[in-house]
Amino acid sequence: MATKAAGRKPETQLALVRRARRMNRVLAETYPDAHCELDFRNPLELLVATILSAQCTDKRVNMVTPVLFAKYPTVEDYAAADRSEMEDIIRSTGFFRAKTNSIIGMAQAVCERYGGEVPGRLKDLVTLPGVGRKTANVVLGNAFDVPGLTVDTHFQRLVRRFGWTEETDPVKIEHVVGELLPRREWTIFSHRVIWHGRRICHARRPACGVCPLAALCPSFGTGPTSEAEARKLVRPGPFS
């Protein structure tokens, strides 16, 4: 669907696709090392880490997971875990009781339904306790090399600022953005956008004056446009 930014003429779908792909290329040049900032060695570890990352920074999750992964090396270990022991390990990530429920429930479901192997399909992953489309796409894209868009809060905020969509529902946003970019780019594009949201395009005061997308973004001016002032807002990351 074509969009219309404030004060601008309506943009055709073709023009939007071309602009979106140019913006993706700029982000690729700006963040050549963009990647998932959660530490993991296999699909199970990434799934657990992503569940823990809800309402928590990746940095904090990465401080907790070495102990967690060492204590529970297999999905069977998670399924049989002592609830209070797991809660103590993940307490600092917040919402630790709910996350413990999700992790143990997820592990039990993987053991019961999928032979102890984390499934590599979206339709299967989203049936697991604590796993929605966002978490599933993180796991698919980074552990199984299956392209997916990670529509987190940074992603939602930025694509609306970019004028790509006015949707607020994450699933609708995922479908709209998926039509603008080649499927093979979905996973890495998600990382680029999240890195940009953490480092430059902040929620309250985006660093517009140093943004590499300034010439292509209809929201330029939402934050300080002075280079000197904007540079003070840039965060080197990783942040959440």
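Let's start with the helices. Four of them each supply at least two residues to the lining of the largest pocket: helix 2 (43-52), helix 8 (133-143), helix 9 (153-161) and helix 11 (186-199). Keep in mind that this is a predicted model.

Now the pocket itself. The space in this largest pocket comes to about 560 Å³. Its lining has 27 residues. Which of them are closest to the centre? Ser53, Asp58, Lys134, Asp152 and Arg198.

What is the lining made of, by class? We have 14 polar residues, 8 nonpolar and 5 charged.

Next, the domains. Domain 1 (13-34 + 149-232) gives at least three residues to the lining of the largest pocket, and domain 2 (43-144) also gives at least three.

On to the second largest pocket. Here the space is about 160 Å³. The lining has 13 residues, and the closest to the centre are Arg133, Asn137, Pro147, Glu174 and Trp186. Which elements give two or more residues to this lining? Helix 8 and helix 10 (170-178).

By class, the lining of the second largest pocket counts 6 nonpolar, 4 polar and 3 charged residues. Where does this lining come from, by domain? At least three residues are drawn from domain 1, and at least three from domain 2.

Methods: Residues numbered from 1 in each chain as written. Predicted model: local features only at pLDDT ≥ 70, side-chain atom pairs only at ≥ 80, totals over all residues. Heavy atoms only, no water. 1 Å grid on protein atoms, 1.4 Å probe; cavity = no way out; pocket = protein on both sides within 12 Å on 5 of 7 lines; lining within 4 Å. Points joined across faces, edges and corners; volume = space filled by probe spheres on them. Helix = DSSP H or I, 4+ residues; strand = E, 2+ residues; numbered from the N terminus. Nonpolar A, V, L, I, M, F, W, Y, C, P; charged D, E, K, R; others polar. Domains from an automatic or database assignment.
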